[in-house]
Amino acid sequence: IDDRKDIMGIPIPYDKPGVVLRDPSCSIDLNGNEWEINDSIFNCDTLPPCNVKCTGPRKTRIKSASDQCGCTLEWYLHSKWM
């Protein structure tokens, strides 16, 4: 989260679309071999145990992000109708 804030003073939890789309991960050739999944045999017994300690969801962050998504969707729909 950066220092940008929306009109309600809530920090914006994501980058602007232009910044996101310039990320190298958005320019992967979908027809390339990066997406190939080869057949393999996995031995799950050799995996180390996973000790995840989750404190639960961050409800304030979820609310902020869902509010932003709702506003973005509303803006998008209004822009399509006008």
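This is a predicted model: local features need pLDDT of at least 70, side-chain atom pairs count only at pLDDT 80 or more; totals for chains, interfaces and linings use all residues.
I call a residue buried under 20% relative accessible area, exposed over 50%, and partly exposed in between, with a 1.4 Å probe and protein chains only. Residues are numbered from 1 along each chain as its sequence is written, and side-chain values use heavy atoms, with hydrogens and water left out.

**Entry: overall picture**

I looked up the secondary structure and found two helices and zero strands. Helices (H or I, at least four residues) and strands (E, at least two) are DSSP runs, numbered from the N terminus. Helix α1 covers 17-21, and helix α2 covers residues 59-81. Of the 82 residues in the protein, 5% are buried. I then asked for the accessible surface, which comes to about 8,200 Å², with 60% of it belonging to carbon and sulfur atoms. These areas come from the Shrake-Rupley method with a 1.4 Å probe, and for residues only the protein chains shown count as cover.

**Entry: the nonpolar patch**

Which residues form a nonpolar patch on the surface? I got L73, W75, Y76, L77, W81 and M82, with about 820 Å² of accessible area together. My patch rule takes residues with over 30% relative accessible area and no salt bridge, joining like charges within 9 Å and nonpolar side chains (Val, Leu, Ile, Met, Phe, Trp, Tyr) within 5 Å. I checked L77 by itself: it sits in helix α2 and is partly exposed at a relative accessible area of 32%.

**Entry: salt bridge**

I searched the whole structure and one salt bridge turned up. The rule asks for a side-chain nitrogen of Lys or Arg within 4 Å of a carboxyl oxygen of Asp or Glu. The partners are D67 and K63, at 2.8 Å from N to O. They are four residues apart in helix α2, so about one helical turn separates them. D67 is partly exposed, with a relative accessible area of 26%.

**Entry: cysteines**

A disulfide is a covalent bond between the sulfur atoms of two cysteines. With a cut-off of cysteine sulfur atoms within 2.5 Å, I counted zero disulfides. C44 is exposed at 57% relative accessibility, and C50 is exposed at 64%.

**Entry: T46**

Where does T46 lie? I found T46 in the loop between α1 and α2, exposed at 60% relative accessibility. Its side chain reaches the backbone oxygen of N43 at 2.7 Å.

Definitions and conventions
A polar contact is a pair of N or O atoms within 3.5 Å; within protein, one must be able to donate a hydrogen and the other to accept it, and residues adjacent in sequence count only if both atoms are side-chain atoms.
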